[in-house]
Every structure is written in structure tokens, then in C-alpha cells.
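The sequence and model are shown first.

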Amino acid sequence: MPAGFQQLGGETLTGTFVLSVFTAVLGSLEFGYNIGVINAPQKIIEQEYNATWVHRYGEPIPAGTLTSLWSLSVAIFSIGGMLSSSCVGFVSEWLGRRKAMLINNMFAFIGGSLMGLSKLCRSFEMMILGRFIIGVYCGLASGLTPMYVGEIAPTSLRGALGTLHQLAIVTGILIAQVLGLDSLLGVEDLWPILLGLAIVPAVLQMALLPFCPESPRFLYIVRCQEHQAKRGLRRLTGRQDVSVMLAEMKEEKRKMDMERKVSILELFRSPLYRQPIVISILLQLSQQLSGVNAIFYYSTSIFMKAGVQSPVYATIGAGVVNCAFTVVSLFLIERMGRRTLHMVGLGGMCLCAVVMTTALALLDNVPWMSYISMLAIFGFVAFFEIGPGPIPWFFVAELFSQGPRPAAMAVAGFSNWTANFIIGMCFQYVADLCGPYVFLIFAALLLFFLIFTFFRVPETRGKTFDQIAATFHQDSVGGMMDMDMDLDKPSTELDYLGEESIN
């Protein structure tokens, strides 16, 4: 095998391909880092807000004002993500996937610089503005990364490589948690460096992206640049003969040219796209409404009751479980399929939520229940990373052909960020009202998402974008057709019905 080529899952991967995937998921690493970085130094940053207020007005900051400023510092990140995620489709079509990622890094550089310099300038406004701008970056990255990776990946590795987006996110969260320890950067003098480090992945991605090819699928189908698409395919695959891959794109382009340009409104109006966009939205909601944020909220108090001397290290341990089981998902995704893994994850989380509720309810009378609670926490996180964590991000890109994909990614991303914002704003009140029984709400939601996935979500493993789109096309005209073609196994219960009707 030539130097610079690697073998994975029967596919030959070139150095250019590996570099392109690595460079793209640096955006996901940045995304995860900015999710986790704000939690550890909360008390220190609040003290800095107070010191700034005293410097300006000569008196301590009112408690209500401090709470509002901190809440705004946290929540405005999601607002930035909500706004920018709705623009993913337009930006990716206007600039192209690679150039959009390149320019997006300017937001990360500006946002990280504002946060890192906020202490020196005695300005909490810089901190809040920096969080908003970095949120804008993360909203675009959450759509651009899985879109680019999904378009350049071979069909047989699309799921495994799509999981790298989530793996990079949880790795970024873990890095932020570790660097935020009191023994490292989570101290009064060094927290600006902790926040300013957000520019490092952005600078690295900006340096590497010029060496990565644009998505050949975008170049050929959207820009009609066949020569550049061929050149990109040859660089990514290491083959001179790319006629088979180009033929697949030509067929997809031919069908796309027969359709009208798809807007976000058209996704909901057209029977052809309505089912896949509803599936996409509910998959994103299954991630954010799963209760994983609630688990991390309760984890510190549960670990303390279990006698753990430093709960922060136990929380980091949960982050390690996050990363480990995302890797497990990476290896299982092409063997078990997206639909099966998502159902396993949802079912396991539902069971762990019920166990968690029981253990917390009995905790005061049965002290050893705290250990059951700890096991339930690690189990919940593990099942999350097997299914609902990684799968929704790239599953959306698989459900749509090249034409409607950017608009669908924008809708799905906006749904994810909106649910994230709502959970962040409302969970504390619901938790105070319901106590440990809040997990029963999440168990009911997980059960709903499990039932929905069983009946409505198709399997996409090993299928081309065109085959997947054909499934929904057949469904929209009155019958579900088996889209497995050369594959012998039907994908869902609906496919069984379609196969029988054909036979």
C-alpha cells in the first residue's frame, strides 16, 4: 500500500482525507470546549464582576444584578448559536463548505480574544459579547462540520466518521473541565487564559483548511464544476478513476435539477420532505430533552453524598465515560446501524432515569442508594453517547439529498440550539419544583422518542444519499419501497410492508 494511505473498514484512506476530517472536527472540539469552559470558574468570574462594579460605582454589586449578569453570560452563548445555526444553509451554499469553515473561525478568534481580555479591561460587557460571538461560531460549526464530513466520507464509513463530531465535542468538554481545575487554570489570575484558549483550535483550523479540498459533492452538484470535483475526489480517494463516484453524483444532480430549489418553508410544505424534516427535528430534540444536562446538574451532590472527597473529579470521570462510549459508538455504528444504536441508547437512558429516581427518593433512608445513583449516572452518560449523543448530528445530513440538505441542517441545528436554550433557562425551576422526580419527566420523554424511532425512523447504514431520499419519495406517493436494493435486510417495519406489497 502506498505511503500515506491507511486501511479502515475495508476503505483506503489517503492522508488528504484524514487531514480533511481532522481539520473539520477541530470546529467540534472548539464547540465542546466552549460548552464546558464556563462552569468551573463561575465563582471566580462572579467575583471579578463584583470587583469591576466596585471599581466603577464604589459599592458591591447587588445580588440580583450579579445573578442576571452571570445568567446572561451563560445563556447568550445559546442565543448566538440559535441565530447562526439558522443561517447554515445560506452560508454553506454562498461560500462553500470549506470557505465557510475558514471564515467562521474569525468569530472564534474575536470571541476568544474578548473573553480573554475582559479581566484586563475590567469589562464584563466584553465577556458577555465574547460569549455571544463564540456562540455564533459554534452554531455555524455545529452544522458545517457534519455536513462537510458527511459529504466527503465514503458511504461505508459515513456513520463512523460522523460520530467524530460528537467525540470531538465531548473531548473539548473534558479538556475544559480538566484545565478548569483549581490546580491548573481555574484560579483568579489564570481564568482569562482558560477562556482565551478558545482561539487555539480556531487558529489551527485556519492554518490547515487551505490544504483540504472543497467537498466534491458541493462542487459538482451545486456549483457544476466537474473538473474541480474530479480533482477533489482524486485527492480524497487516491484513485485516478473516480467515474463510479462521479456517476452517483450525476444521478443525484439529475434528480435535483428536476426539483425546485428547496427553501426552509418548502421542507414543511412538500410531502416529499415533510417526513424526513420531522424525523430530523425529533432526533435533535431527543438529544437535548434526554435529561443529560440534569444528570450533570445532580452529579456533584450525588457524589458528595456517596462520600467522594472531590466531586469535581467524579464529574470529570463522567466526562471520561462520555469520551470512552463515544469511541464505542464509533466502532458500532456501521455494524449495528444508526436506528438500532439510537434505540439502544434511548432505552438504556430511560431505564437509568427510572433507577435514578428510585435511588434518589430512597437516599435519605437507605444510604447505600447513593452508590446505585452513581452507577445510574455513569450508565445514563454511557447510553447517551452510544445513541442520542452522536447520531442526530450526522443523521440529518444522511436523510436529505444535496439540494435540501443545507436547509434541513439549518432547521435541525436551530431546533437543537433552541431546545438547549429552553433547557438551560427552565430546568432549574422544574428541578426545584419536582426534586429528584424530575427524572420521571425525562423518562417519559425518552420513552416517547424510543417509540417514535421504532415506528418512523429508517435505517441509513450502507445506503447512498439517493437511496435514502428515494425511500421518502416512495412514501410520499403512497407506498414505502424497500431501499436496500443489493442489501438483503429491510430497514424498518415500514420497509417490510413495502416489500410485501411489491412482491
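Of the 503 residues in the protein chain, 56% count as buried, where buried means under 20% relative accessible area, exposed means over 50% and partly exposed lies in between (1.4 Å probe, protein chains only). This is a predicted model: local features need pLDDT of at least 70, side-chain atom pairs count only at pLDDT 80 or more, and totals for chains, interfaces and linings use all residues. Residues are numbered from 1 along each chain as its sequence is written, and side-chain values use heavy atoms, with hydrogens and water left out.

The secondary structure of the chain comprises 23 helices and 2 strands; helices (H or I, at least four residues) and strands (E, at least two) are DSSP runs, numbered from the N terminus. Counting contacts (heavy atoms within 4.5 Å) between residues at least 6 apart in sequence, 79% join residues at least 24 apart. The accessible surface is about 21,100 Å², and carbon and sulfur atoms account for 67% of that surface; the areas come from the Shrake-Rupley method with a 1.4 Å probe, and for residues only the protein chains shown count as cover.

A nonpolar core is a set of buried Ala, Val, Leu, Ile, Met, Phe, Trp, Tyr and Cys residues joined through side-chain atoms within 4.5 Å. The largest one has 88 residues, of which Phe17, Leu267, Phe380, Phe400 and Phe439 touch the most other members. Apart from it lies another core of 35 residues, including Ile44, Ile45, Tyr49 and Ile128.

The whole structure holds 9 salt bridges, each a side-chain nitrogen of Lys or Arg within 4 Å of a carboxyl oxygen of Asp or Glu.

| Pair | N to O distance |
|---|---|
| Lys119 and Glu48 | 3.1 Å |
| Arg56 and Glu125 | 2.8 Å |
| Glu151 and Arg97 | 2.8 Å |

Lys119 lies in the loop between helix 5 (97–117) and helix 6 (124–152), and Glu48 in helix 2 (residues 42–57), so this pair ties together parts 71 residues apart in sequence. Lys119 is partly exposed at 21% relative accessible area, whereas Glu48, at 10%, counts as buried.

Arg56 is partly exposed at 34%, and Glu125 is partly exposed at 38%.

Glu151 and Arg97 form a salt bridge from helix 6 to helix 5, so parts 54 residues apart in sequence are tied together. Both Glu151 and Arg97 are buried. With Glu93, these two residues are linked in a network of salt bridges.
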